[in-house]
Amino acid sequence: MTVDHSILVGEAYADNSRLADRISIYAWQQPRIDIVDLALRRLGTVNGPVLDVGWGTGSYTNRLRATRPELRVVPVDLSAGMGPEVVGEVDRLPFADGSAGAALAMHMLYLATEPRTALRELRRVLRPGGRLLASTNGRVASRELADLWDTALRDLGVVDPPPYPNPGRRFLLEGGVELVREVFGACEVDEYHSEIVVPDATPVVAYVNSCRAEQARHLPDGVTWASYLAAVEGGIRAEVARTGAFRLTGHVGVIAATS
Ligand SMILES: C[S@@+](CC[C@H](N)C(=O)[O-])C[C@H]1O[C@@H](n2cnc3c(N)ncnc32)[C@H](O)[C@@H]1O
């Protein structure tokens, strides 16, 4: 699956509303994992500037600015609509060689044009001894969404549904760790497992709908996003009625490396 910058900038990340719908579901995470705090502990005694590449809704920048006000933190994003300080893409960072003390690439390397190129680019902008933090999901994370896709399409009469279009597969924890090791020589990995137990269908439907920009074009001919979403919603509501909640598997990893 390739990524299309015009879709990312024009719809998926035109503003932070769709990302916020996905993040909001973690209110029901069990056990609650403060991934921002856990990841930032891996920075160590870094000096600025810290580049937060693909800063999204600013979770990491905001926490760093609150806890380490002496650090200069620079939010960077492909999409101007996300309101970064610097508009730039991870594959071609607009920073000089060796100019950063740390670089964060949190849940975003799977959106790079080429994750290996992006990692080399992150290494280029780090000064010797600079820290890289990258986060991403494991293969089993949210696998229930793939089941929903398959079941909904079969309910709509599709005999052989196409594979679930998940851009996250472009940089999973499995494989991503090896790639970081290849570019940086060594890395440390922390993994966290959880379950997201949502007692109401509405936030899960909003989560699925937030993926429209990347997924609608993969629907088979004749299936509209509206019909797909209605079928998915039926499945989620049935599950909540039957078991009291819709459950999503959580598996996230933080990869840390030194340049
Ligand atoms: C899934 S969000 C992650 C946000 C945040 N880092 C977090 O972990 O909560 C991905 C972010 O990366 C940005 N992005 C996507 N492709 C990018 C690229 N090639 N270079 C830089 N930023 C990119 C998106 O606009 C979005 O803000």
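This is a predicted model: local features need pLDDT of at least 70, side-chain atom pairs count only at pLDDT 80 or more; totals for chains, interfaces and linings use all residues.
Residues are numbered from 1 along each chain as its sequence is written.

**Exercise 1. Describe how α6 and α10 pack, and classify the residues of their contact.**

Step 1. Helices here are DSSP runs (H or I, at least four residues; strands are E, at least two), numbered from the N terminus. The axes of α6 and α10 lie 9 Å apart, at an angle of about 115°; axes are lines fitted to C-alpha atoms over the stretch in contact, and angles run from 0 to 180 degrees between N-to-C directions.

Step 2. Angles under 35 degrees count as roughly parallel, over 145 as roughly antiparallel, 65 to 115 as roughly perpendicular and the rest as oblique. α6 and α10 are therefore roughly perpendicular to each other.

Step 3. From α6, Leu148, Trp149, Ala152 and Leu153 meet Tyr228, Ala231, Val232 and Ile236 of α10 (contact means heavy atoms within 4.5 Å). The residues of this contact of α6 with α10 divide into eight nonpolar, no polar and no charged. In this scheme Ala, Val, Leu, Ile, Met, Phe, Trp, Tyr, Cys and Pro count as nonpolar, Asp, Glu, Lys and Arg as charged, and the others, Gly among them, as polar.

**Exercise 2. Carry out the analysis for α5 and α7.**

Step 1. Helix α5 (residues 115-125) and helix α7 (residues 173-184) pack at about 45°, with axes 10 Å apart. α5 and α7 are therefore oblique to each other.

Step 2. Pro115, Arg116, Leu119, Arg120 and Arg123 of α5 meet Leu179, Val180, Glu182, Val183 and Phe184 of α7. The contact of α5 with α7 has six nonpolar, no polar and four charged residues.

**Exercise 3. Which element gives the most to the lining of the second largest pocket?**

Step 1. α6 gives the most to the lining of the second largest pocket, with six residues.

Step 2. By class, this pocket's lining has five nonpolar, two polar and five charged residues.

Conventions
Side-chain values use heavy atoms; hydrogens and water are left out.
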